[in-house]
Amino acid sequence: MKKLGRLILFGFLSWIFTLAGAMCLSSLRTEQRRLFETLMSSVLIASAVLFTLLYFRKIHSGFMREAIWLGIAFMACNILFDLPMFMAGPMKMTLPDYLKDIGLAYLGMPIISLGFGYGFQRLSGHIAAS
């Protein structure tokens with residue numbers, strides 16, 4: 001149960017970090033949409049890298065398993081915490097529109113956590129070198 005709580009905490013932190021970035025950049029959303037999207041991609045990447053590295057500070061084995069769970073937590077928390085704001089809140093988007101505009105960008109987060117998990121696994125000697 002402690003592990004689940006930690007995963008949810010890191011998922012929430014990644015969401016709040018990304019939300020803070022979006023709020024800081026919100027004036028660009030309508031005026032310079034391409035710039036907003038580019039900068040938000042950078043915020044999302046920074047969030048995933050930061051919280052993946054912080055999460056793995058306490059992990060000493062099973063790196064790929066942990067990376068999978070962390071990636072799932074990132075995706076699930078970011079989408080679940082977003083949905084009330086984007087579907088019922090000020091944005092009023094349908095689920096397909098939300099996924100096309102925002103939600104699918106979160107696929108990058110588990111890709112990052114898996115990349116780090118693989119790298120940590122290799123460094124720990126648990127995956128034979130090619």
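**Exercises on helix α1**

The crossing of α1 and α3 is right-handed. The model is predicted. Work through the exercises with the structure in view.

**Exercise 1.** Find how α1 and helix α3 are oriented to each other.

*Solution.* 
- Step 1. General idea: two packed helices are described by the angle between their axes and the distance between the axes.
- Step 2. Locate α3 at residues 63-88. Its axis lies 8 Å from that of α1, and the packing angle is about 50°.
- Step 3. Apply the cut-offs. Under 35 degrees counts as roughly parallel, and 65 to 115 as roughly perpendicular.

**Exercise 2.** Decide whether lysine 2 is buried, partly exposed or exposed. Then state how far lysine 2 is from arginine 65.

*Solution.* 
- Step 1. Read its relative accessible area, 77%. Exposed means over 50%, so lysine 2 is exposed.
- Step 2. Turn to arginine 65. In sequence, 63 residues separate lysine 2 and arginine 65. In space, their C-alpha atoms are 16 Å apart.

**Exercise 3.** Name the residues of the nonpolar surface patch, and say which helix gives the most to the patch.

*Solution.* 
- Step 1. List the members: Phe12, Ile16, Phe17, Leu50 and Phe81. Together they make a patch of about 370 Å².
- Step 2. Helix α1, residues 2-31, contributes the most, with three residues.
- Step 3. Check one member. Phenylalanine 17 sits in helix α1. Its relative accessibility is 33%, so phenylalanine 17 counts as partly exposed.

Terms used:
Residues numbered from 1 in each chain as written. Predicted model: local features only at pLDDT ≥ 70, side-chain atom pairs only at ≥ 80, totals over all residues. Heavy atoms only, no water. Patch = residues over 30% accessible without salt bridge, like charges linked within 9 Å, V, L, I, M, F, W, Y side chains within 5 Å. Areas by Shrake-Rupley, 256 points an atom, 1.4 Å probe, with all protein chains shown as cover. Salt bridge = Lys/Arg side-chain N within 4 Å of Asp/Glu carboxyl O. Helix = DSSP H or I, 4+ residues; strand = E, 2+ residues; numbered from the N terminus. Buried < 20%, exposed > 50% of the residue type's maximum accessible area, 1.4 Å probe, protein only. Axes fitted to C-alpha atoms, helices over the stretch in contact; angles between N-to-C directions. Parallel < 35°, antiparallel > 145°, perpendicular 65-115°, else oblique. Left-handed = near helix turned anticlockwise from the far one by under 90°.
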